[in-house]
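Visitor: I would like to discuss the aromatic side chains in this protein. Could you put the structure up?
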Amino acid sequence: LGSKLGKIIVVTSGKGGVGKTTSSAAIGAEMALYGKKTVIIDFDIGLRNLDLVMGCERRVIFDFINVINGDASLNQALIRDRRISNLYILAASQTKDKNALKQSSVEKVLAQLKKEFDYIVCDSPAGIEHGAFMSLYFADEAIIVTNPEISSVRDSDRVIGILNSKSQRAENNQEIKKHLLISRYDPQRVRKGDMLSINDIVDILAIPLIGVVPESSIVLKSSNQGVPITLDKSNSAVKTSYKKIVARMLGITEQKEKWTDKLMKSMGLVRDFVS
Ligand SMILES: Nc1ncnc2c1ncn2[C@@H]1O[C@H](COP(=O)(O)OP(=O)(O)OP(=O)(O)O)[C@@H](O)[C@H]1O
Ligand SMILES: [Mg+2]
């Protein structure tokens, strides 16, 4: 067993379809590029989406629920990314039983992962039901993905409330670090008044902004190919945004970012980039 003390980061939103899975994949992959041993967990029981976005759907034999039920060991269920060492995913199960994520079992699995990984990225399902709650309950930090529209901001506000009152850290009177990630931002639509501005959203949610990801068709293209956007060969604005977000989360300055990137590559931590 490892002796790390991994950090659990939940990617959450309340509202569905705002970019949680896209963000989990992009952020997890980028963390691994920095040499951080990272696992991304799909908490979206019944839907299973992360493995598609990561391009490993054909390699799923055992999943999170199998581990929880003791039908498989963690090592059997963890899927190692073929492009980057240090990156793993734990797929969701296609079971219909939404309550399969028993709290004590989730806690046990996460405790085991904390010893082996630097970062555990939890991709939350939509809504605020059991699965979403399980994905955030044990989190040390939260990335709240919000689109520039009222319904998304309202749901994010509810999730922030839950993080502040019902998470394990909240119950222990500890602060849970929160980052606002505004996604699918379209400046033209903001100018026309069809969408909320960055300032509006930050004012309403009142948590620190970690980054803004623009609306772009490149996201769908790369997820159809099973490539997290940060591993995409082309240098899109979306990729740049996610890279900056991770650099900020890791507390890395722009200059340092470049030399660490080089170092990781020279150490062979970056295997091959498929785009
Ligand atoms: N920046 C973006 N620009 C354009 N499309 C995007 C962007 N981010 C995500 N999308 C698209 O939005 C859709 C939903 O994205 P994603 O699956 O990441 O959201 P989600 O929050 O995980 O959804 P769910 O709540 O269903 O789990 C996908 O079709 C994805 O390609
Ligand atoms: Mg999702």
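Visitor: To start, is Phe43 buried or exposed?
Guide: This is a predicted model. In the model, Phe43 counts as buried, because its relative accessibility is 1% and the cut-off for buried is under 20%.

Visitor: And Phe64, buried or exposed?
Guide: Phe64 counts as buried, at 0% relative accessibility.

Visitor: How many aromatic pairs are there?
Guide: The count comes to 4 aromatic pairs. One of them joins Phe43 and Phe64: the ring centres are 5.1 Å apart and the planes stand at 75°, so the pair is edge-to-face.

Visitor: Which parts does that pair tie together?
Guide: Phe43 lies in the loop between β2 (38–42) and α2 (50–53), and Phe64 lies in helix α3 (residues 64–68), so the pair ties together parts that are 21 residues apart in sequence.

Visitor: Next, what do Tyr88 and Phe117 form?
Guide: Tyr88 and Phe117 form an edge-to-face aromatic pair, with 5.4 Å from centre to centre and 80° between the planes. Tyr88 is in strand β4 (residues 87–90) and Phe117 is in the loop between α5 (103–116) and β5 (119–123), so this pair ties together parts 29 residues apart in sequence.

Visitor: Are those two buried or exposed?
Guide: Tyr88 counts as buried at 15% relative accessibility, and Phe117 counts as buried at 2%.

Visitor: What sits over the ring of Phe117?
Guide: The charged end of Lys37 sits over that ring, 4.9 Å from the centre.

Visitor: Lastly, which residues form an aromatic cluster?
Guide: Phe133, Tyr137 and Phe138 form one aromatic cluster.

Definitions and conventions:
Residues are numbered from 1 along each chain as its sequence is written. Chains are lettered from A and ligands numbered from 1 in the order in which they are written. This is a predicted model: local features need pLDDT of at least 70, side-chain atom pairs count only at pLDDT 80 or more; totals for chains, interfaces and linings use all residues. Side-chain values use heavy atoms; hydrogens and water are left out. Rings of Phe, Tyr and Trp (its six-membered ring) pair if their centres lie within 6.5 Å; planes under 30 degrees apart count as stacked, over 60 as edge-to-face and the rest as tilted. Helices (H or I, at least four residues) and strands (E, at least two) are DSSP runs, numbered from the N terminus. Buried means under 20% relative accessible area, exposed over 50%, partly exposed in between (1.4 Å probe, protein chains only). A charge sits over a ring if NZ of Lys or CZ of Arg is within 6 Å of the ring centre and within 35 degrees of the ring normal.
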